[in-house]
Amino acid sequence: MSEVSFEVDGRPVSVPDDGASLLEVLRDRLGLRSPKDGCSPQGQCGCCTVLVDGAPRVACVTPARRVAGRRVTTLDGLPDEERRAWGAAFCATGASQCGFCTPGIVVRLAALRAGGAAPSDVAPVEQALLAHLCRCTGWRTILDAWAAASSRSAGVGDGLAGRDPEAATRRASIEGGTPQAVGVAVALGRGGFADDDAPPDALVAVPRPGGGWAVADTLTAARSAAGKVQGRRTTVPARPPIEVPAGTWALTLRTSWVEPAYLEPDASWCAPGGEPSSPLANGGAFGAKTASVAPAAARALAGEHGRPVRVLLSREDVVRLGPKRPPLAAGLRADGTGVVRVARTSGIAEAIRLVAPGLAVEEVDVAGPPTSASLRAAGWAEAAVLLAALEHLSAPGPGDEPPAVGRAAVRSPAGGYAEAEVGPTGVHVRVACGEVLDEVVLRSYCVGAAHQALGWVCTEGLAVDEAGQVHDLTIRSFGVLRAVDTPPIHVEVVPDPGRPPVNGSDAVFAAVAAACWIAQGLPPAWPSGRPPRR
């Protein structure tokens with residue numbers, strides 16, 4: 001077999017020319033873990049971005065043979081001072097939460113900065129971010145990091161200057177719903193992701209379309225054995241699958257299937273007789289990985305083969321197998337009573353009744369992907385949105401036209417409180433959730449929650465056919481708002497002394513969704529297809 005020779009981070013390398021992608025070569029053959037695999041080989045999330053002869057390129061769709069004789073630079077190949085400055089800026093501004101997407105973003109921003117873009121110039125950054133997807137941060141904090149990373153900026157320091165690292169970590173864990181780390185290393189992609197510390201001699205296992213696992217020495221070979229079919233984006237629009245109950249209603253709403261869209265696909269590895277690595281790593285996946293199939297499969301396959309095994313789900317596997325936000329259809333009367341029909345989901349009826357005991361819940365069987373009540377605020381957020389909209393309708397003189405500004409307030413079952421205003425000047429949020437602990441981290445999670453809420457109302461949904469098969473299998477087809485479509489998001493953290501810290505971003509998620517829906521005039525189905533105004 002011939003070899004491909006090129007330069008990586010300043011050193012010459014040669015690897016077998018076996019048809020592998022540049023991303024697989026970097027991660028699995030050369031042990032360089034900063035480029036991440038978020039959608040391989042869709043080329044749509046930007047997590048694997050590296051520089052080839054100084055120009056950004058997504059490595060997952062670049063055959064390794066294409067870089068023969070060329071110069072490849074990963075995040076770790078940037079000059080030490082520059083890399084630390086970017087990491088500190090992302091940490092100082094809350095532009096990194098799980099840290100999975102940030103290595104690719106940093107590489108692209110470094111190229112943009114090298115090309116002469118000014119720290120004060122936001123437009124080229126938003127355009128550059130079109131090549132990326134970040135689910136956690138809501139983009140606005142990344143723009144803050146772009147400005148802070150300038151050599152002329154002061155006060156970035158080590159990213160945690162003047163802050164209590166333990167308090168920051170505690171707040172991140174409360175907001176993320178799972179233990180999380182905060183720091184420069186996280187911003188630079190070293191958050192302990194499930195596939196980053198697998199032994200180099202581990203076998204690779206991927207799901208077979210008909211069930212079971214294809215196991216091979218390399219990812220390329222395993223996917224070939226499984227017969228992986230590349231995902232596509234359908235032209236069929238997402239449609240709510242459940243009809244509103246019969247009745248005379250003051251307010252109705254139908255929602256669609258919604259993909260959590262976490263960036264790190266489910267992964268785990270295990271040695272024979274050992275404990276599998278957690279697919280959660282440094283991110284809670286918005287509650288979507290609590291029942292992941294990866295750890296149990298890794299343990300079983302390691303025992304079967306007598307060797308360490310890495311279990312890797314592709315982006316298409318995640319869409320087919322992973323839980324979605326359950327769709328519902330609701331009708332409410334003016335007194336707050338009504339009926340909610342929701343896809344049958346364990347725990348969802350109880351979640352709805354937590355904030356809306358006056359609603360009767362009917363669980364119905366709907367052909368479609370799996371659903372879960374563990375996803376961010378599932379059930380109670382929908383109920384809170386409906387009640388906030390009903391309160392708006394009962395206010396004097398709402399009129400028939402959408403208001404210029406939508407306003408809503410929500411208190412979550414955990415005790416977090418948020419007020420949101422959505423209008424021509426962007427999104428304005430006030431949040432109170434007990435002891436602040438770390439304002440940077442709390443603000444970051446609230447900005448991200450606001451971004452997710454806007455997408456939920458306006459653009460996010462999956463096309464699912466009558467047989468229950470998902471047709472939107474690419475990461476760009478989920479409808480997650482891009483940086484250029486995301487309005488300014490302003491978060492005011494209200495000191496709440498004397499109360500223990502509780503989650504605040506989920507209350508923000510529900511309040512912003514309600515305010516956005518009100519501002520749009522309460523269209524009866526989500527996604528509304530109307531992007532938020534900028």
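User: Hi! What radius of gyration does the protein have, and how does that sit with a compact globule of 534 residues?

Analyst: Hello! This is a predicted model, and in it the protein has a radius of gyration of 23 Å. A compact globule with 534 residues would come out near 24 Å, so the value agrees.

User: Good. What box do the C-alpha atoms fill?

Analyst: Along the principal axes, the C-alpha atoms take up a box of roughly 75 × 55 × 45 Å.

User: And how many of the residues are buried, as a percentage?

Analyst: Buried residues make up 58% of the 534. As for the surface, the protein exposes about 20100 Å², and carbon and sulfur atoms supply 52% of that.

User: Nice. What is in the largest nonpolar core?

Analyst: That core has 81 residues. Val311, Val508, Val512 and Trp517 have the most contacts inside it. Helix 14, residues 505-519, gives the largest share, with 12 residues.

User: Which residues does Trp517 touch?

Analyst: Leaving out residues up to four places away in sequence, its partners include Leu251, Leu253, Val385, Leu386, Val457, Pro523 and Trp526.

User: Where do I find another core?

Analyst: Another core lies apart from the one of 81 residues. This other core has 46 residues, including Ala89, Cys136, Ala149 and Val480.

User: Changing topic: how many helices and strands are there?

Analyst: The protein has 14 helices and 17 strands.

User: What about strands 15 and 16: parallel or antiparallel?

Analyst: Antiparallel, over seven bridges, with strand 15 covering residues 417-423 and strand 16 covering residues 426-432. Gly423 stands opposite Gly426 of strand 16.

User: Last one: what share of the contacts with a separation of 6 or more joins residues 24 or more positions apart?

Analyst: That share is 71% in this protein. Thanks for the questions!

Definitions and conventions
Residues are numbered from 1 along each chain as its sequence is written. This is a predicted model: local features need pLDDT of at least 70, side-chain atom pairs count only at pLDDT 80 or more; totals for chains, interfaces and linings use all residues. Side-chain values use heavy atoms; hydrogens and water are left out. Two strands pair if DSSP finds at least two bridges between them. Helices (H or I, at least four residues) and strands (E, at least two) are DSSP runs, numbered from the N terminus. The radius of gyration is taken over C-alpha atoms; the globule rule is 2.2 Å times the number of residues to the power 0.38. Buried means under 20% relative accessible area, exposed over 50%, partly exposed in between (1.4 Å probe, protein chains only). Contact means heavy atoms within 4.5 Å. Accessible areas come from the Shrake-Rupley method with a 1.4 Å probe; for residues, only the protein chains shown count as cover. A nonpolar core is a set of buried Ala, Val, Leu, Ile, Met, Phe, Trp, Tyr and Cys residues joined through side-chain atoms within 4.5 Å.
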